[in-house]
Amino acid sequence: MQDIRRKTVAAILAGGAASAGEIVDVKGWVRTRRGNKNVQFVALNDGSTINNLQIVFDLSKFSDDSLKPITTGSSIHVQGRLVASQGAGQSVEVQADELEVYGTAPVDYPLQKKGHTLEFLREKAHLRPRTNTFGAVLRIRHALAYAIHKFFNDKGFFYFHTPLITASDCEGAGAQFQVTTLPLNGLPKDEAGNIDYSQDFFGKLASLTVSGQLEGELGATALGLIYTFGPTFRAENSNTPRHLSEFWMVEPEMAFYEIADNMDLAEEFIKYCINYALEHCEDDIRFLNDHFDKELVDRLKFVVENDFVRLPYTEGVKILEESGKKFEFPVYWGVDLASEHERFLVEEHFKKPVILTDYPKEIKAFYMKLNDDGKTVRAMDVLFPKIGEIIGGSQREENYDKLQKRIEELGLTGMDWYMDTRKYGTVPHSGFGLGFERLVLFVTGMQNIRDVIPFPRYPKACEY
Ligand code: 4AD
Ligand code: MG
């Protein structure tokens, strides 16, 4: 069949009743077919929108047999005329003139019914993008990625590409995946019995990056304002609804920014992204609101419209200690706050996003700027309802001697290249990292981070 003028379902529905009379070609996957012996109705989805296009087959033009292959999941091409719809729920529908079946879908097609559980769909992750729910999530994910680039580009930031394979361990957390071509069943050893990495592909120990920040600082101390946006990898054995082993991170790094500038940027940035999704993904967010989380839209609007609380860690701990609440993990000054503590501050105490600052230096990374008290660093974690930590960042220690002392205390090595930023023309600077999937989790209202990335990786799970 000749393709006269292919239009996406999104474009057709956006045109509405005004385009009645036009001949169009539509191509997509069949969601449902119903009807009687005079007329059959097909709900067609092509992924461009959550909404289906109704195709009407008049059985005086089409034989029963010709429509038989059109079952749920099959793919078709229809040519026909747009007409104002008589049915409720759509402005236009297509009166089919011609039909081409690209591919049938036998009865074992796993997505027959509506209302599969998210757990079931996780088992069928290779097909779940075809469901309404995942279609909505993935379109929102795209819109947020675009909003991130737009936000930074419009502010004069440069997209700076940091390596995925790295020889440095940014956070010092040691939770890295190694990259090697050495034979694992016969590793070469040196005289001392240690693995001889000089024989490895890169001639040294290499790993997948846990963060692009340190290399990002090299960009910021040259280009001024940069951001990274790419995959990061963490080999922690965290089986939680907030952790992935492969996730995407956005890391802006700004020369001449102090901690307050950093907080202002983080708050403006995250509100911009949420607002962008509210404005551009209305149908998808509405669907998720109606099917999964009735408070989603209200929660998104609330975050955009209200100032975040800014609070030093020390005061946060005091609030937790005085709350009288029985936490699973104990709270005291110096402790790395658990998710239950963060969520208490955000959801029960302030009922707003909170930016917690000035953490004890012992629980934060070596590069954070030491405060005058000698005990705390200029860290900032942005804590969100339902999510907990969505952003982690800090002002960086720009003083060569102080940073060198910290590196020695922690026994870090191979940092000369990083120290050169402090040795030559050092400047105050700051940055932060946003966990992209945690943002998608918040904006979609989904409960599990494994449901907001197409192909999730977590301990014991690496399909496709
Ligand atoms: O707090 P993190 O570890 O900070 C850094 O990596 C810094 N280098 C960022 C910077 O200052 N440039 O990670 C940043 C964010 C967290 O707040 C969280 O949202 C997300 O990354 N994140 C994860 N998201 C999914 N799965 C995981 N395993 C994550 N670990 C961190
Ligand atoms: Mg953190």
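This report describes selected residues, cores, a helix, cysteines and aromatic rings of the structure above.

## Basis of the description

The model is predicted, so local features need pLDDT of at least 70 and side-chain atom pairs count only at pLDDT 80 or more, while totals for chains, interfaces and linings use all residues. Residues are numbered from 1 along each chain as its sequence is written, chains are lettered from A and ligands numbered from 1 in the order in which they are written, and side-chain values use heavy atoms, with hydrogens and water left out.

## Two residues and their surroundings

Arg31 belongs to strand S1, which covers residues 23–35; strands (E, at least two residues) and helices (H or I, at least four) are DSSP runs numbered from the N terminus. Its contacts, meaning heavy atoms within 4.5 Å, include Ala43, Asn45, Asn52 and Thr72 when neighbours within four places in sequence are left aside. The C-alpha atom of Arg31 is 6.2 Å from that of Gly73, although the two residues are 42 apart along the chain.

Thr162 sits in the loop between strand S6 (158–159) and strand S7 (165–166). With a relative accessible area of 17%, Thr162 is buried, where buried means under 20%, exposed over 50% and partly exposed in between, for a 1.4 Å probe and protein chains only. Beyond residues up to four places away in sequence, Thr162 touches Gly212, Glu215, Gly216 and Thr228.

## Nonpolar cores

A nonpolar core is a set of buried Ala, Val, Leu, Ile, Met, Phe, Trp, Tyr and Cys residues joined through side-chain atoms within 4.5 Å. The largest has 67 residues, and those with the most contacts inside it are Ile274, Ile285, Phe384, Ile390, Leu439 and Val443. Apart from this core lies another, of 29 residues, among them Phe327, Leu356, Val377 and Ile407.

## Helix H8

Helix H8 spans residues 296–305, and its buried residues are Leu296, Val297, Arg299, Leu300, Val303 and Val304. Seen down the axis of H8, these buried residues fall within an arc of 165°, so they line one face of the helix; the arc is that of the directions from the helix axis to the C-beta atoms. Asp298 and Glu305, on the other side of H8, are exposed. The cover over the buried residues of H8 includes helix H6 (259–280), helix H7 (282–291), strand S14 (376–384) and helix H13 (436–444).

## Cysteines

With a disulfide taken as a pair of cysteine sulfur atoms within 2.5 Å, the count comes to zero. Cys273 is buried at 0% relative accessible area, and its sulfur is 11 Å from the closest cysteine sulfur, in Cys281, which is too far for a bond. Cys462, by contrast, is exposed at 59% relative accessibility.

## Aromatic pairs

Rings of Phe, Tyr and Trp (its six-membered ring) pair if their centres lie within 6.5 Å, and planes under 30 degrees apart count as stacked, over 60 as edge-to-face and the rest as tilted. The structure holds 23 aromatic pairs. The rings of Phe152 and Phe157 have centres 4.9 Å apart and planes at 50°, so this pair is tilted; Phe152 is buried at 0% relative accessibility, as is Phe157 at 3%.

The rings of Tyr159 and Tyr227 have centres 5.1 Å apart and planes at 15°, so this pair is stacked. Tyr159 lies in strand S6 and Tyr227 in strand S10 (residues 225–233), so the pair ties together parts that are 68 residues apart in sequence. Tyr159 is partly exposed at 35% relative accessibility, whereas Tyr227 is buried at 3%.
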